[in-house]
Amino acid sequence: MAEYGSFEYESYQDLETIQKFLESLTQGFAKEQIVLSSGDDTIELQPKNLLKFSVSAKKKEDKTKLSIKISWKQGKIKAVKLPLEIGP
């Protein structure tokens, strides 16, 4: 795998498939190694140290959107935000 690159994937999936993906992603964060692949396109990520996390949600009449972004740098950064709470 190349040291640098990009990866994009977009499709419609059922809730069970999305849940399995998020569980795999959680396991990857725990192991500090995430490998994303589709066909011949693959990228390996090593999340370490402090990660920047942002979440946004929009709801309209016929469309709902939930966006999650996670990024990090290889250096150390100090955390200074209030915790996010997620309800059922």
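Predicted model: local features only at pLDDT ≥ 70, side-chain atom pairs only at ≥ 80, totals over all residues.
Me: What is the relative accessible area of Ile70?

Reply: Ile70 comes out at 33%, so this residue is partly exposed. Residues are numbered from 1 along each chain as its sequence is written, and side-chain values use heavy atoms, with hydrogens and water left out.

Me: Got it. What share of the chain is buried?

Reply: Buried residues are 6% of the 88 in the chain.

Me: What does Ile70 face across the pairing?

Reply: The general rule is that two strands pair if DSSP finds at least two bridges between them. In this case β3 and β4 run antiparallel over nine bridges, with a hairpin of four residues joining β3 to β4. Phe53 is the residue opposite Ile70.

Me: Which residues make the nonpolar surface patch?

Reply: Patches take residues with over 30% relative accessible area and no salt bridge; nonpolar side chains (Val, Leu, Ile, Met, Phe, Trp, Tyr) are joined within 5 Å, like charges within 9 Å. Areas come from the Shrake-Rupley method with a 1.4 Å probe, and for residues only the protein chains shown count as cover. Here Phe53, Val55, Leu66, Ile68, Ile70, Leu84 and Ile86 make a patch of about 710 Å². β4 gives the largest share, three residues, while β3 and β4 each supply at least two. A handy background point: side chains in a regular strand alternate between the two faces of the sheet.

Me: And which residues form the positive patch?

Reply: Lys and Arg count as positive and Asp and Glu as negative, leaving out His and the chain ends; a charge is placed at NZ of Lys, CZ of Arg, CG of Asp or CD of Glu. The patch consists of Lys52, Lys58, Lys60, Lys63, Lys65, Lys69 and Lys73. β3 (51-59) and β4 (64-72) are the elements giving two or more residues to this patch. Lys63 is in the loop between β3 and β4, and is exposed at 55%.

Me: How many salt bridges does the whole structure have?

Reply: A salt bridge needs a side-chain nitrogen of Lys or Arg within 4 Å of a carboxyl oxygen of Asp or Glu. The search finds two. In one, Glu16 meets Lys20, with the closest N and O atoms 3.2 Å apart; both are in helix α1 (residues 15-31), four residues apart, about one turn. Glu16 is partly exposed at 49%, as is Lys20 at 48%.

Me: Where do the partners of the Glu32 and Lys48 pair lie?

Reply: Glu32 and Lys48 meet at 3.7 Å, N to O. This pair links distant parts of the chain, 16 residues apart: Glu32 is in the loop between α1 and β1 (34-38), Lys48 in the loop between β2 (41-45) and β3. Glu32 is partly exposed at 38%, and Lys48 is partly exposed at 34%.

Methods. Buried < 20%, exposed > 50% of the residue type's maximum accessible area, 1.4 Å probe, protein only.
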